[in-house]
Amino acid sequence: MIRLGFVLLLVSFLVIQPQQSDAVCGYESCPETKSNMVNIHLVPHSHDDVGWLKTVDQSYYGYKNNIHHAGVQYILDTVVTELISDPKRRFIQVETYYFAKWWREQSETTRRIVTKLVNEGRFEFTGGAWSMNDEAAVNYQGVIDQFTVGLKFLNETFGACARPRVGWQIDTFGHSREQAAIFAQMGYDGQFFSRMDHNDKDTRLENLSMEMIWDASESLSEVKLFTGMLYNFYSDTPGFCFDVLCNDDPIIDGKSYDYNVESRVDDFISYAATVSKHYQTNHIMIPMGGDFQYEDAKVNYKNMDKLIKYINERQANGSKYNIFYSTPSCYLNALHQSLQTWPNKTQDFFPYAHEPNSFWTGFYTSRPTQKRFERDGNHLLQTVKQLSVFAKLSSDQQNRDLDYLRQIMGVMQHHDAITGTERQAVSNDYDRLMYDAIIGAGNSARDALRLLTNFPNGEFESCLLLNISECAFTKDSADNVVVTLYNPLAHNSTQYVRIPVKEANYKVNDENGNEVASEIVPVPWQVLALEHRANDTQHELIFKATANKIASYYIKKIDNPKKGHSIKKVEPHAEDSDTVVQNSLIKLVIDNKSGRLRTVEMNGVSENIEQNFGLYKTRASCAYTFRQDGDIEVVQDNVEFTVYEGDLVKEVHQQVNEWISQVIRIYEGVNRVEFEWMVGPIPIVDNVGMEIVTNFRSEISSNGVFYTDSNGRELMRREKDKREDFTSDLSRQPISGNFYPVTSRLALQDNEKRLVLLNDRSQGGASLQNGQLEMLLHRRLMFNDGGGVGEALNEEQYGKGLIARGKLFLVLSSIKERNTRTERLAEKEIHLPFYKFFSKDSSKSRNAMPQSIPDFNDFPEPVHLLTLEPFNDDEILLRVENFVDHTEGNVVSFNIRQIFDSLGGEEIRETTLDGNMPLSDMRRFKFPAKASGVLPPTAVEYSKAEYNPLEADKHQEGSEFSVTLHPMQIRTFVIKRK
């Protein structure tokens, strides 16, 4: 009966309100405001986590509501019904993942209605990415990709009226400067969020700086973004949650003993008056919604209708409050028209603390293996996207498999996914989704490589367990195996390749038949001891490989190896105090007594660097927060170590204690030191949790200053115990309050030397003492602090505590102008190394002529091939990035005509960063910042691209295809191909 009523309402809506030629969306659809009043923008919304306490499907379908009441499909059903019944009502939708899932299930009639609501600005998309991504643990590539997926769906479904104009990052646990830069480069006019350090918020409330202009890049002066902080989190006004999930009083306006209109209106106006005192203009925004609210939207809207009616009725008696349904974009539009100047912001909003004992710095590391798995998924995604372009894959199955991996990677950017702040069952489901998506996309990679190599029948299998030196393809034999390497980077790259093998003698040849030097090294016994690992292969074959885009190497078992094929075990001499491990670039000194690293010498610099492992005991840390009970407890055990030396690689295998081990590794010709750590199972004693760290202590005089990356891009200057705009209360948590997110790089320096750690996944990092860098590697906790998860972060595998394995890379150098660009090159290789595919070698399979592949080596050295992927049936998306900042490099110019032609280009157009809007159409609000001598504007101002966007076709001269990139600039193009 309810469904029948909904259908009748839809039909009547179409009949009574036919297509209107004057219907408008965007800012033109915003409600009128009153200049002499306090304008209250009431914003109905539902915050729908893409997985948290329940899986994404459970949250969509309303399954297992005994865990958490969430049913997104019903929210969208009832919201649409209520919007139809009153043209003044509005609603914002944020997570495109859920909307796309719902849209696919709708009838044509419902789709027509929703399209009309979108075109009239009543159902407005805000944010618009596949999920509301985290801002601490994500890499910028994953963020850009998932916005591209979400905005592309909206554009293809509705057109320009669905394009969001503001970001809505209301539930992320701190905010990065790079996220603001991404919004600006996508053409957004501003963003709003609701989490900020409590001390920062108190300061801003007092000095009217809750809304500001964020200088989002030190290298790109035009990248600025209006940013606003909500007054009272993102949930309903206290006492005015009208949702069925709440217990606040409804507005009773009939003939009833419980009539409460006057008191309810008084209370709301009192709250609005309080809010308005802390903002600059006569406009305030009050969100009305919360987690998975509006499942019975009639209840919400009926009470909001009454609230609006009775507050506005008071204007006749002199009230100065004007309230109406609105959206964040309409609120921003009103601020733009207010012709104000605004405070300025330059740094970021990390770390976040909601009270002195709760710094949300633990999630930077929570679930370390899942954080690494997300990186693996991105690695394959970039590989398959490029391969799909080169091989021109176009079947329905291939498109579905690629789209599915894109979408699941979008899910993984969610602020309860990559953060590790979800329940264990949800984490398991994320892993399942990732695995399924990787397997499907791997099939597309195989299809492409069969066309792009001379192996039309090659298996091209992936090995997902290489981190524990295991590969199903080589577990029985590595004889006659072909390793095909794919290089996602723009330029030729030379890297070392490690393949799990049985102990034997092998020869490796390149595609020209030239023998390549190789060595066999033993797998650490701690890895062999993993209970779940199949120990068919106990060694690794190492060789140095070079690839432009695709290169194959051939492994063959032999009887008589050449001298030097085997690595040798070196026993430390008892009479010596040190063991020296060195190659042509790096010298390491290991203290024989302690077994620890003592000295590093490289790049003409020598420094005493001691590495330790340590732990912080905790009874109160949770998935979100890091709360240490006391100072670090350094693992004091003398480290047992064994040295293996070869011509290509030298390794120090260390046993730190019963559950911590490590391999220190240097490769010939590679100018960084690799630390492959393994931690776990972390023991639990007396129900006390542990935070496991490693630190590197040097004598560099850093004076409390260190640097962390912002989502893998620009570096942020940090100073121990200091914040940009406020004084942080570190009285209870002086250690965790100094940790920051590290997604690729942590560094310190003085006037002579620089020490850098690069990592292979998101982690928390700090410099708690001069010259020291500390990285949080793994966590096992016993406490749930009531933050909503409902369980402790106590990861287990095979009935025991989770074992995690990962890598850090150390670089020591002198302070020279622009020497940090080598760190950025290393970042790219670590983030996107060769992807390995395995096949059996047979002469009959090598009988095909491979397709040619474009050569990107003409790009200048600092230009990164950020994106190359199929966009539409006949279109390719291309992104190029100058990955050095203004201190490391200059403006570069190059021509992409050759790439355009080799990709079969017919036309090319430049777009905003997300690829979905022509850059020539971008017109952003311009908000002036407060500064000495700066007067408020006299008229609204806008900004456009600072150069003429590239737009050309194949008939134009090659000079029309010139591309100039300033440091840190990304340019995005859509190429229409034949």
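**Reading packing, exposure and backbone features**

Visitor: Which residues does phenylalanine 123 touch, once residues up to four places away in sequence are not counted?

Guide: In this predicted model, phenylalanine 123 touches Leu76, Val79, Leu83, Phe91, Gln93, Phe99, Leu117 and Val118, with residues up to four places away in sequence not counted.

Visitor: How is the packing of two helices described? At what angle do helix α12 and helix α13 pack?

Guide: Two packed helices are described by the angle between their axes and the distance between the axes. Helix α12 (residues 368-391) packs against helix α13 (residues 396-412) at about 150°, and their axes are 10 Å apart. An angle over 145 degrees counts as roughly antiparallel, and α12 and α13 are therefore roughly antiparallel to each other. In passing α13, α12 makes a left-handed crossing.

Visitor: Which residues of α12 and α13 make the contact?

Guide: From α12 come Gln370, Glu374, Gly377, Asn378, Leu380, Leu381, Val384, Lys385 and Ser388, and from α13 come Leu402, Leu405, Arg406, Met409 and Met412. The residues of this contact of α12 with α13 comprise seven nonpolar, four polar and three charged.

Visitor: What angle and axis distance describe the packing of helix α3 and helix α10?

Guide: Helix α3 (residues 72-85) and helix α10 (residues 297-313) pack at an angle of about 35°, with 8 Å between their axes. Their crossing is right-handed. On the α3 side, Thr78, Val79, Glu82 and Leu83 meet Ala297, Lys298 and Tyr301 of α10. This contact of α3 with α10 divides into four nonpolar, one polar and two charged residues. Val79 and Leu83 of α3 are also among the residues that phenylalanine 123 touches.

Visitor: How is the exposure of a residue judged? Is valine 663 buried or exposed?

Guide: The relative accessible area decides, and buried means under 20%. Valine 663 has a value of 2% and is therefore buried. Valine 663 lies in strand β29, residues 660-667. Among the residues valine 663 touches are Pro524, Val652 and Phe675. The C-alpha atoms of valine 663 and lysine 650 are separated by 9.9 Å, and these two residues are 13 apart along the chain.

Visitor: Where is leucine 648 found, and which residues is leucine 648 in contact with beyond its neighbours within four places in sequence?

Guide: Leucine 648 is in the loop between β27 (640-645) and β28 (649-657). With a relative accessible area of 11%, leucine 648 is buried. Leaving aside neighbours within four places, leucine 648 is in contact with Tyr496, Ala517, Ser518, Glu519, Ile542, Phe543, Ile666, Tyr667 and Glu668.

Visitor: What is the relative accessible area of aspartate 578?

Guide: Aspartate 578 has a relative accessible area of 26%, so this residue is partly exposed. Aspartate 578 is placed in strand β21, residues 578-582. Aspartate 578 touches Val589, Ile590, Asp591, Asn592 and Arg598, with residues up to four places away in sequence not counted.

Visitor: Let us turn to the backbone. Which residues does a cis peptide bond with omega of about -10° join?

Guide: That cis bond joins phenylalanine 350 and proline 351. Proline 351 is in the loop between β10 (344-345) and β11 (353-355). The peptide bond from glycine 680 to proline 681 is cis as well, and its omega is near -5°. Proline 681 is in the loop between β30 (673-679) and β31 (689-697).

Visitor: What is phi of lysine 392, and what is phi of serine 469?

Guide: Lysine 392 has phi near 55°, a positive value in a residue other than glycine. For serine 469, phi is near 55°. Lysine 392 is in the loop between α12 and α13, whereas serine 469 is in the loop between α14 and β13 (481-486). Lysine 392 is exposed, with a relative accessible area of 55%, while serine 469 counts as buried at 1% relative accessibility.

Note on methods. Residues are numbered from 1 along each chain as its sequence is written. This is a predicted model: local features need pLDDT of at least 70, side-chain atom pairs count only at pLDDT 80 or more; totals for chains, interfaces and linings use all residues. Side-chain values use heavy atoms; hydrogens and water are left out. Axes are lines fitted to C-alpha atoms, for helices over the stretch in contact, and angles run from 0 to 180 degrees between N-to-C directions. Helices (H or I, at least four residues) and strands (E, at least two) are DSSP runs, numbered from the N terminus. Angles under 35 degrees count as roughly parallel, over 145 as roughly antiparallel, 65 to 115 as roughly perpendicular and the rest as oblique. A crossing is left-handed if the near helix is turned anticlockwise from the far one by less than a right angle, and right-handed if clockwise. Contact means heavy atoms within 4.5 Å. Ala, Val, Leu, Ile, Met, Phe, Trp, Tyr, Cys and Pro count as nonpolar, Asp, Glu, Lys and Arg as charged, and the others, Gly among them, as polar. Buried means under 20% relative accessible area, exposed over 50%, partly exposed in between (1.4 Å probe, protein chains only).
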